[in-house]
Amino acid sequence: MDHATARHTLTLALLLGLLGACAPGEAPPGNGEPPPETSFALPAGIPAPEFGIEERLEDRYTRPDPWDRETPGWYYVHRQHPDASDERSYGTPAAPRATVPDPVPAGSVVVLAGTYDFAPAGYDRIVTRGTAAAPVFLVGEPGAVVTRKWVLEASYTIVEGLEFTDRGKVVLVYPSHHVALRNNEHHHLAGKIGGRGNSDAERVHDVVIYNNKIHSQDGWDQNPDLDLDNHGIKFDAWVDRVWVLNNEGYHNGGNFIQIGDAYGGDLTRNRYFYVGGNRLYANRQSPIGVKQASDVVISENELFDNRKVQNNAAGQSGIVFQYGPDRLWILFNHIHDSNAGITGGSNSSGTGEGPYIVGNLIHGLRVPPDFSYNPDTGWAPAAVMLAGGNGRYVIDNTIYDVDGGIHTPSSSPVEIHGNLVAEVRLGYHLFLETTAAVTASRASANAFFQTGGPALFRLGSATVHRGVAAMETVWDRAAGNLEADPRFADPAAGDYRPRADSPLVDSGREHDVYRRFYDLYGLDIRRDQAGAARPQGADWDRGALEHRAASLARTYALRELTSGGGAP
């Protein structure tokens with residue numbers, strides 16, 4: 001099934017029976033005792049993968065019990081066992097094989113125990129031949145560790161319950177497809193998961209990276225003059241349809257994930273990447289980085305404690321993009337306690353449309369202590385700083401307690417609609433540095449607030465406009481904005497929903513960016529940052545959160561989409 005067909009068969013209400021997560025500090029689950037089931041709602045805007053989430057080993061195959069004789073289809077591998085031998089076809093716990101068979105036939109289960117350090121060419125090339133009806137499982141007994149690189153040429157294969165460390169990187173090569181890495185731990189090595197296809201016609205595709213701990217490289221926060229670029233996840237060219245869901249990532253020597261690269265303007269070498277529900281913090285570079293790629297959805301991640309490590313950066317953002325990716329959607333993320341929020345670098349030959357920055361909650365941002373903040377440049381760090389992009393959309397976000405609000409130094413138009421920007425410390429609530437950007441951009445139905453004074457705006461000149469009324473007087477493409485205390489429920493406790501008496505409630509309106517997403521991907525993302533369907537009342541609430549979000553949190557009802565109102 002191709003992507004266009006698959007995406008229209010999915011619903012937002014899909015709840016999957018999944019294998020459970022590891023708590024921080026716990027070993028990944030082994031095959032001996034499957035982790036408990038849990039319910040996992042797909043993050044908004046992310047379609048379900050065809051393979052890799054629902055499939056459970058115990059539902060497909062029955063482990064031999066007792067396992068005291070060789071059983072076709074069940075391989076037991078333990079290299080350190082004194083009786084390990086590849087003279088055996090399958091092995092048992094008492095008399096195991098020494099290596100993974102080559103190839104692994106469809107319908108097989110390979111159980112690994114002990115430390116797997118086989119590397120006949122400096123790495124171990126593992127070939128599997130799973131099918132949709134008869135997938136392959138490579139699973140670890142409790143405490144199983146892989147210490148040498150695996151080059152996987154795999155189809156319909158699930159790798160889970162293993163610890164990868166030392167030199168235990170995982171690389172997927174063509175013709176790999178329908179591969180899942182889940183419930184593993186990848187740590188203390190430079191670069192952990194990657195791979196590539198051979199050409200436009202020979203792509204790696206349908207990869208799921210779910211519920212792993214991906215963390216730690218020695219020296220991740222040392223040598224600030226070095227650009228290590230040792231990312232937790234980084235696929236090279238010709239890779240399609242990758243899901244990175246529900247992982248924990250920290251202390252990597254680069255991004256947690258980098259999507260795409262500088263491909264000379266070719267935005268299709270990495271396509272359909274979905275990064276959702278991850279908890280990412282304290283990496284050397286911003287946890288999520290996007291370069292030349294297309295159709296990327298970054299949804300419902302928590303991104304925090306991302307602070308300056310390298311000297312070639314003013315600070316770390318939750319999400320950074322550059323080189324003009326195509327159709328980049330940044331949806332409903334929670335970005336907090338970092339140097340900056342969402343940062344768009346220069347296009348550098350990229351011509352993609354967007355980005356679309358929708359429904360994010362961004363707060364508690366501070367530049368590094370050694371950074372001299374210059375409020376007179378649109379490049380200054382902010383909750384949203386857009387130097388790059390081509391026709392940018394900043395829609396229905398809540399931005400609070402930050403050094404700068406929404407900034408752009410470039411001339412490309414920005415659609416600014418439905419946002420709340422409040423309590424800006426050093427820069428401006430809204431700063432469009434060039435006259436061309438002011439002429440081409442629009443600001444509608446936003447709310448602004450500053451305790452003890454007016455909200456501050458700069459529009460294409462050195463003049464500072466104090467207050468919304470002054471801003472709208474000089475900018476004929478700004479209308480319907482308000483300046484008022486948002487009256488949050490309890491910001492000190494992290495509750496940024498508007499109270500019932502807030503001027504944000506029912507005073508917004510739907511923007512047609514939601515229709516755009518539905519037309520492209522067949523998924524309805526009309527909801528708020530907490531998961532409540534929008535609107536909850538007579539009309540939309542301004543900002544990322546609806547007043548009534550708590551009672552309907554994580555509601556993904558599929559509704560017939562009606563025409564959006566858009567900006568004036």
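Predicted model: local features only at pLDDT ≥ 70, side-chain atom pairs only at ≥ 80, totals over all residues.
**Overall make-up.** I looked up the secondary structure and found five helices and 47 strands in the protein. Of its 568 residues, 61% count as buried. When I took the contacts between residues at least 6 apart in sequence, 67% of them turned out to join residues at least 24 apart. The accessible surface comes to about 19800 Å², and 47% of it belongs to carbon and sulfur atoms.

**Aromatic pairs.** My search of the whole structure returned 24 aromatic pairs. I examined tyrosine 250 and tyrosine 281, whose ring centres are 5.1 Å apart and whose planes stand at 10 degrees; the pair is therefore stacked, since planes under 30 degrees apart count as such. This pair links distant parts of the chain, with tyrosine 250 in strand S20 (residues 248-250) and tyrosine 281 in strand S23 (residues 279-281), 31 residues apart. Both tyrosine 250 and tyrosine 281 are buried.

I then turned to tyrosine 356 and tyrosine 393, where the centres lie 4.9 Å apart and the planes are at 10 degrees, so this pair is stacked as well. Here too distant parts of the chain are linked: tyrosine 356 belongs to strand S31 (residues 356-358) and tyrosine 393 to strand S34 (residues 392-395), 37 residues apart.

**Helix H5.** Just after H5, glycine 522 takes a positive phi of about 75 degrees.

I noted phenylalanine 332, which is not a glycine and yet has a phi near 60 degrees. Phenylalanine 332 is placed in the loop between strand S28 (326-331) and strand S29 (334-336), and at 1% relative accessibility it counts as buried. Over the face of phenylalanine 332 lies arginine 527, at 4.3 Å from the ring centre. Aspartate 396 likewise shows a positive phi of about 60 degrees without being a glycine; I located aspartate 396 in the loop between S34 and strand S35 (398-402), where it counts as buried at 2% relative accessibility.

**Cis peptide bonds.** I recorded a cis peptide bond between tyrosine 174 and proline 175, with omega about 10 degrees, and found proline 175 in the loop between strand S12 (170-173) and strand S13 (177-182). A cis peptide bond also joins arginine 534 and proline 535, with omega about -5 degrees, and proline 535 is in the segment after H5.

**Glutamine 285.** Which residues does glutamine 285 touch, not counting those up to four places away in sequence? I listed Asp227, Asp229, His231, Gly254, Asn255, Gln310 and Gln316. Glutamine 285 is found in the loop between S23 and strand S24 (288-290) and counts as buried, at 11% relative accessibility. Its side chain is joined to that of aspartate 229 by a polar contact of 2.9 Å.

**Valine 296.** Last, I looked at valine 296, found in strand S25 (residues 294-299), which counts as buried at 1% relative accessibility. Leaving out residues up to four places away in sequence, valine 296 touches Ile259, Phe273, Val290, Arg327, Leu328 and Trp329. Valine 296 and tryptophan 329 are 33 residues apart in sequence, and their C-alpha atoms are 6.1 Å apart in space.

Key: Residues numbered from 1 in each chain as written. Heavy atoms only, no water. Helix = DSSP H or I, 4+ residues; strand = E, 2+ residues; numbered from the N terminus. Buried < 20%, exposed > 50% of the residue type's maximum accessible area, 1.4 Å probe, protein only. Contact = heavy atoms within 4.5 Å. Areas by Shrake-Rupley, 256 points an atom, 1.4 Å probe, with all protein chains shown as cover. Phe/Tyr/Trp six-rings, centres within 6.5 Å; stacked < 30°, edge-to-face > 60°. Lys NZ or Arg CZ within 6 Å of the ring centre and 35° of its normal. Polar contact = N/O pair within 3.5 Å; in protein donor to acceptor, adjacent residues only side chain to side chain.
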